[in-house]
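Subject: Structure for you to look at

Dear colleague,

Please find the structure below. My notes on it follow.

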Amino acid sequence: MIQDLIQKGLRLSQHAIFRRFVTKAGGFLGKPAKLAMLLTTAYDKLLDTSSSESGFAQVKDIMQTFIRLVKAYTNGNYRAVSNKSLLVGVGVLLYLVTPLDLIPDFIPVLGLLDDISLMAWFVDAFHKEITNFRAWEQGKTESLGVDEVKRLESL
């Protein structure tokens, strides 16, 4: 099932509508306040969405990691990520939080399927960036201590 979602997400990533979201993403990267609002909205949407499918839970966890990556990048704490990954990832988040996309979110089940497919494709295509960031987070946690990490993340 996850491979089907990845393939559908790949097709969505090549659609003109998604390319517009990637173009908009460039504007968000230069505006920290706007980006912070997007990250909060995307994070809330991921938390509110419930599914019993393990594939969805994995995609959700990785997208939440990407949100932390963008926060760390915006704060200047983490820079080991390509601009392409940032642009495409923020484009995916924009697509996720926009209720009117290829399949509007208010259509039961199908409305979230395109969002999930696009996230699955992103996770598959950019897993190395996510893995590198998680390793960086783990190293930071081990060297600073949990309380200090939480304080730095809140900045």
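Helices here are DSSP runs of H or I with at least four residues, and strands are E runs of at least two, numbered from the N terminus. By that count, the chain of this predicted model has eight helices and zero strands. The order from the N terminus is therefore α-α-α-α-α-α-α-α.

Overall figures: of the 155 residues in the chain, 41% are buried. Among contacts with a separation of 6 or more, 70% are between residues 24 or more positions apart. The chain exposes about 8500 Å², and 59% of that comes from carbon and sulfur atoms.

Helix 5 covers residues 83-97. Its 15 residues reach 21 Å from first C-alpha to last, close to the 21 Å expected at 1.5 Å a residue. Helix 5 is largely enclosed by the rest of the structure, because 11 of its 15 residues are buried. Among them are Ser85, Gly89, Gly91 and Tyr95, along with Val88, Val90 and Val92.

The largest nonpolar core has 40 residues, of which Phe18, Met63, Val90, Leu93 and Phe122 touch the most other members. Two or more residues each come from helix 1 (2-13), helix 2 (16-29), helix 3 (32-48), helix 4 (54-75), helix 5, helix 6 (110-125) and helix 7 (127-144). Helix 4 gives the largest share, nine residues. In soluble globular proteins, nonpolar side chains tend to be buried together.

Phe122 deserves a look in the viewer. Leaving aside residues up to four places away in sequence, Phe122 touches Met63, Phe66, Ser85, Val88, Gly89, Val92 and His127. Of these, Ser85, Val88, Gly89 and Val92 are buried residues of helix 5.

On charged pairs, a search of the whole structure finds two salt bridges. In one, the side chains of Arg134 and Asp61 meet at 2.7 Å, N to O. This pair links distant parts of the chain, with Arg134 in helix 7 and Asp61 in helix 4, 73 residues apart. Arg134 is partly exposed at 30% relative accessible area, and Asp61 is partly exposed at 37%.

The other joins Arg68 and Glu137, whose closest N and O atoms are 2.7 Å apart. Here too distant parts of the chain are linked: Arg68 lies in helix 4 and Glu137 in helix 7, 69 residues apart. Arg68 is partly exposed, with 33% relative accessibility. Glu137 has a relative accessible area of 12%, and since buried means under 20%, Glu137 counts as buried.

Regards

Terms used:
Residues are numbered from 1 along each chain as its sequence is written. This is a predicted model: local features need pLDDT of at least 70, side-chain atom pairs count only at pLDDT 80 or more; totals for chains, interfaces and linings use all residues. Side-chain values use heavy atoms; hydrogens and water are left out. Buried means under 20% relative accessible area, exposed over 50%, partly exposed in between (1.4 Å probe, protein chains only). Contact means heavy atoms within 4.5 Å. Accessible areas come from the Shrake-Rupley method with a 1.4 Å probe; for residues, only the protein chains shown count as cover. The expected span of a helix is 1.5 Å times one less than its number of residues. A nonpolar core is a set of buried Ala, Val, Leu, Ile, Met, Phe, Trp, Tyr and Cys residues joined through side-chain atoms within 4.5 Å. A salt bridge is a side-chain nitrogen of Lys or Arg within 4 Å of a carboxyl oxygen of Asp or Glu.
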